[in-house]
Amino acid sequence: MSNVLVLVDHSAGTVRKTTAELLTIARRLGEPVAVFIGDGVQDALPALGQYGATKVIALTNPDLSQYLVAPKAEALQQVAAKIEPSAILISSNAEGKEIAARLAVKLDSGLITDAVDVQAGPVTTQSVFAGNFTVQSKITHGTPIITVKPNAATPEAAETSPEVEEFDVTISDAAKTARITDSKPREATGRPELTEAAIIVSGGRGTGGDFGPIEAFADSLGAAVGASRAAVDSGWYPHAYQVGQTGKTVSPQLYVAAGISGAIQHRAGMQTSKTIVAVNKDPEAPIFELVDFGVVGDLHKVLPTATEEVTKR
Ligand code: FAD
């Protein structure tokens, strides 16, 4: 069976859920080989084995953590030259997409970004043109490099005991052009990261600036909080939480839009969500064209009632 490289997304050895999703997808295409960059591979091993990694290639060269993405692309190129994978899967976040693009140039390979599904072939599914079309694509040149959006697959366990192979890489001076001098961890909210969350509760102009009911409902569900641009532009919620064309693209299992009209630019960031629920006091709001479930009502009444019901269970 052919090897499929999966770049591990982790924070000091704590593996992010997106990697479990990538490993699950990789098993449809061949044998998953995890590439772990940085420190903490031993901490990551149980999670990588749980989702079927047959081998873990550990890259500990300090240049890989001290500089921005260029050395990582060079390192992956060297791993790919040795392993000759049939595909390379990377998480669709800002860093992942930049690594993927640089790697595609180095390997002279086709690249697909933001896949919402990947099946044998590999055939990918993406949402394009601000979400107006869904397309299926296949890379026809070189080693397929695919970045996959969070929640594209439900992680399925397949226990393995992967061996760790240390892999030495040589990083060129040309790749060491932007050095990291300081890095701060993301502000801890206690909520899941927006682009990785299985459930998101978003608020818009209809909140009138009071995100209390949005946050309380989100917390009752263990969800992340999102916001429309109208809410962000009004200074009610930080831009990091904006969903849409000029914000984050999300694809959770459940997306709740409260006090959001459903403008095309907002839809572009959330319409591949598996189930969409809207709370809006206007029965004619365009968001209702998109939803699986809709509640016509004042979010300041509907959400606290829903929160109370969820908390009771
Ligand atoms: P509105 O459109 O004002 O809708 C508010 C809704 O709340 C209404 O439907 C109203 O009926 C309802 N409401 C009011 N009070 C209540 C209540 N008490 N209870 C329940 N419902 C209530 N927008 C984004 O979101 N993300 C983007 O990334 C983005 N990028 C853009 C990029 C460009 C280039 C442009 C031009 C626009 C972009 N926009 C984006 C803006 C977008 O066009 C809309 O203006 C924006 O999404 C509207 O936000 P909203 O739905 O919160 O506000």
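Visitor: What is 2.9 Å from an N or O atom in the side chain of His-266?
Guide: An oxygen atom of the ligand. A polar contact here is a pair of N or O atoms within 3.5 Å; within protein, one must be able to donate a hydrogen and the other to accept it, and residues adjacent in sequence count only if both atoms are side-chain atoms. This is a predicted model, where local features need pLDDT of at least 70, side-chain atom pairs count only at pLDDT 80 or more, and totals for chains, interfaces and linings use all residues. Residues are numbered from 1 along each chain as its sequence is written, and side-chain values use heavy atoms, with hydrogens and water left out.

Visitor: Where is His-266, and is it buried or exposed?
Guide: His-266 belongs to helix α8. Its relative accessible area is 6%, so His-266 is buried. Buried means under 20%, exposed over 50%, and partly exposed in between, with a 1.4 Å probe and protein chains only. Helices (H or I, at least four residues) and strands (E, at least two) are DSSP runs, numbered from the N terminus.

Visitor: Which side chain does His-266 join in a polar contact?
Guide: That of Tyr-255, at 2.8 Å.

Visitor: Back to the ligand. Which residues come nearest?
Guide: Arg-205, Ser-228, Thr-246, Ser-261 and Asn-280, out of 25 residues around the ligand. To count as near, a residue needs one heavy atom within 4 Å. Ser-261 has a polar side-chain atom 2.7 Å from an oxygen atom of the ligand. With Lys-281, a backbone N or O atom lies 3.2 Å from a nitrogen atom of the ligand.

Visitor: How much of the ligand's accessible area does the protein cover?
Guide: 75% of the 990 Å² that the ligand has on its own. Those areas come from the Shrake-Rupley method with a 1.4 Å probe; for residues, only the protein chains shown count as cover.

Visitor: Which elements give two or more residues to the shell?
Guide: They are α7 (229-233), α8 (264-270) and α9 (299-312).

Visitor: And how do the shell residues divide?
Guide: Into 5 nonpolar, 15 polar and 5 charged. Ala, Val, Leu, Ile, Met, Phe, Trp, Tyr, Cys and Pro count as nonpolar, Asp, Glu, Lys and Arg as charged, and the others, Gly among them, as polar.

Visitor: What about Gln-265?
Guide: Gln-265 is also found in helix α8. Gln-265 is partly exposed, with a relative accessible area of 43%.

Visitor: Now the backbone. Which peptide bond is cis?
Guide: The one from Gly-121 to Pro-122, with omega near -10 degrees. Pro-122 sits in the loop between β8 (117-119) and β9 (123-128).

Visitor: Which residue has a positive phi of about 50 degrees?
Guide: Glu-84, although it is not a glycine. Glu-84 lies in the loop between α4 (70-83) and β6 (87-91), and at 64% relative accessibility Glu-84 counts as exposed. Asp-108, not a glycine either, has a positive phi of about 55 degrees; the loop that holds Asp-108 runs between α5 (94-107) and β7 (111-115).

Visitor: Last one, where is Thr-140?
Guide: In the loop between β10 (133-138) and β11 (145-148). Thr-140 counts as exposed, at 79% relative accessibility. Thr-140 and Gly-110 are 30 residues apart along the chain, and 6.9 Å separates their C-alpha atoms.
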